[in-house]
Amino acid sequence: MQLEQSFELPAPPALAWPAFRNVELLVECLPGAALTGPAIEGELPLRLDVKLGPIAAAFVGSGRASFDDAVQGGRFEGTATDRRTQSRVKGAADFKLAAEGSGTRVTVLVDYSLTGTLAQFSRGAIVRELASALTAQFAENLAARVRAAEPAAPGIGDAAPAVATPAASVAPLDAWSLFLRVLVARWRALWRRA
C-alpha cells in the first residue's frame with residue numbers, strides 16, 4: 001500500500017534539514033518507536049510498540065537511512081516482526097524538504113506491506129486517516145524539538161550517530177486513541193454538512 005503525506009515545519013530548511021539527518025531525533029519524534037542499540041554497518045535496530053485496544057504488538061527489526069544533501073531528501077526502509085501475532089511489516093519512506101514561506105514543507109511517500117494477523121487492520125481509508133493522524137503527531141513532536149533547539153542552532157542535527165533510546169522508556173503508539181480521533185473528526189465533518 002502507498003500513502004503520501006505532507007506537513008509543514010515552522011523552521012527554514014537550513015534548520016529542518018539537519019534535524020532530518022539526525023536519525024535518533026526522528027525516531028524519538030515517532031510515537032511508539034525506539035532505537036534498541038547502536039547502528040551496525042548502517043543497520044539501525046528498531047522497535048515499534050503499537051496498542052490497539054486489547055491488542056498489543058511489539059515490532060522488532062532493523063532499518064537503514066540514506067540522505068541526499070543536494071535535494072534535501074532521503075529514504076528510510078526497514079522490516080520488523082511481531083512474534084505474538086506473527087505479523088510482519090516491510091516498508092520504505094521517501095522524503096523531501098522544500099522551502100515554503102518562512103517554513104519547510106516535508107513530503108513523505110510511504111510504501112509498505114503488512115502480513116499476518118494484524119493485516120486485517122491495514123485496509124483503505126481508515127489506514128490513510130490513521131497515517132494522517134500519526135504524521136500530524138510526528139510533525140508536532142519534530143516541530144517542538146526543532147523550535148527548542150533553535151537558539152543553539154549549530155548542533156541541532158550534525159548527522160550525529162544514532163544512539164539507542166531504551167525501548168522500555170518509550171510509550172507505545174496508541175492506535176486506538178488515533179482511531180478514535182479519526183472517528184470524531186469524521187463525525188464532526190458529517191455533522192457540519194448536515
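Guide: Start with a side-chain pair in this predicted model. The side chains of Thr85 and Ser87 make a polar contact, at 2.9 Å. Thr85 sits in a loop. That loop runs between strand 5 (73-82) and strand 6 (87-100). Is Thr85 buried or exposed? Its relative accessibility is 12%, so Thr85 counts as buried. The cut-off for buried is under 20%. Look next at partners further along the chain. With neighbours within four places in sequence left aside, Thr85 is in contact with Thr117 and Leu118.

Now move to Gln86. This residue belongs to the loop between strand 5 and strand 6. Gln86 counts as exposed because its relative accessibility is 59%, and exposed means over 50%. Check the backbone too. Gln86 is not a glycine, yet its phi is positive, near 55 degrees.

Gln72 lies in the loop between strand 4 (55-68) and strand 5. With 22% relative accessibility, Gln72 counts as partly exposed.

For burial elsewhere, turn to helix 1, residues 13-20. Helix 1 is mostly covered, with seven of its eight residues buried. Among them are Trp17 and Phe20. Leu15, Ala16 and Ala19 are also on the buried list, as are Pro13 and Pro18.

Terms used: Residues numbered from 1 in each chain as written. Predicted model: local features only at pLDDT ≥ 70, side-chain atom pairs only at ≥ 80, totals over all residues. Heavy atoms only, no water. Helix = DSSP H or I, 4+ residues; strand = E, 2+ residues; numbered from the N terminus. Buried < 20%, exposed > 50% of the residue type's maximum accessible area, 1.4 Å probe, protein only. Polar contact = N/O pair within 3.5 Å; in protein donor to acceptor, adjacent residues only side chain to side chain. Contact = heavy atoms within 4.5 Å.
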